[in-house]
Amino acid sequence: MAISLPPDFLDNLLCELGLLLVYILLTVAIIVADLLGVDSGDIRDARDDLECVA
């Protein structure tokens, strides 16, 4: 019995993995900015606005 995947499965998977990677990198940037005493408000806004556009 073969398993069939939806036609856009790979595109959606790559989009979600890329989104996760960017989210993690922005979170690290927020931590570093906070450690250095820099305002991280803009970085937080960018992280909170992330979404997959597909």
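The model is predicted. Helix 1 covers residues 9-36, and helix 2 covers residues 41-48.

**The loop between the helices**

- Ser-40 lies in the loop that separates helix 1 from helix 2.
- Ser-40 has a relative accessible area of 4% and is therefore buried, since buried means under 20%.
- Beyond its sequence neighbours up to four places away, Ser-40 touches Ile-30, Ala-33 and Asp-34.

- Ala-33 belongs to helix 1, and its relative accessible area of 9% makes it a buried residue.
- When neighbours within four places in sequence are set aside, the contacts of Ala-33 are Val-38, Ser-40 and Ile-43.
- Ala-33 and Ile-43 are 10 residues apart along the chain, and their C-alpha atoms are separated by 9.0 Å.
- Ile-30 is also placed in helix 1, and it is buried, with a relative accessible area of 4%.
- Not counting residues up to four places away in sequence, Ile-30 touches Ser-40, Ile-43, Arg-44 and Arg-47.

**Arg-47 in helix 2**

- Arg-47 is located in helix 2.
- Although Arg-47 carries a charged side chain, it counts as buried because its relative accessibility is 16%, and the limit for buried residues is under 20%.
- With neighbours within four places in sequence left aside, Arg-47 is in contact with Tyr-23, Leu-26, Thr-27 and Ile-30.
- The C-alpha atoms of Ile-30 and Arg-47 are separated by 9.3 Å, while the two residues are 17 residues apart along the chain.

**Salt bridges**

- The count of salt bridges in the model comes to two.
- One of them joins the side chains of Arg-44 and Asp-34, with an N to O distance of 2.8 Å.
- This pair links distant parts of the chain, as Arg-44 is in helix 2 and Asp-34 is in helix 1, 10 residues apart.
- Arg-44 counts as partly exposed at 32% relative accessibility, and Asp-34 counts as partly exposed at 41%.
- A salt bridge is also formed by Arg-47 and Asp-48, whose closest N and O atoms are 3.7 Å apart.
- Within this pair, Arg-47 is buried, with a relative accessible area of 16%, whereas Asp-48 is exposed, with a relative accessible area of 53%.

**A negative surface patch**

- Asp-39, Asp-42, Asp-45, Asp-49 and Glu-51 form a negative surface patch.
- Asp-45, one of the residues in this patch, is placed in helix 2.
- Asp-45 counts as partly exposed because its relative accessibility is 45%, a value between the limits of 20% and 50%.

- Arg-44 of helix 2 and Asp-34 of helix 1 are joined by a salt bridge.

Notes. Residues numbered from 1 in each chain as written. Predicted model: local features only at pLDDT ≥ 70, side-chain atom pairs only at ≥ 80, totals over all residues. Heavy atoms only, no water. Patch = residues over 30% accessible without salt bridge, like charges linked within 9 Å, V, L, I, M, F, W, Y side chains within 5 Å. Areas by Shrake-Rupley, 256 points an atom, 1.4 Å probe, with all protein chains shown as cover. Salt bridge = Lys/Arg side-chain N within 4 Å of Asp/Glu carboxyl O. Charge placed at Lys NZ, Arg CZ, Asp CG, Glu CD. Helix = DSSP H or I, 4+ residues; strand = E, 2+ residues; numbered from the N terminus. Buried < 20%, exposed > 50% of the residue type's maximum accessible area, 1.4 Å probe, protein only. Contact = heavy atoms within 4.5 Å.
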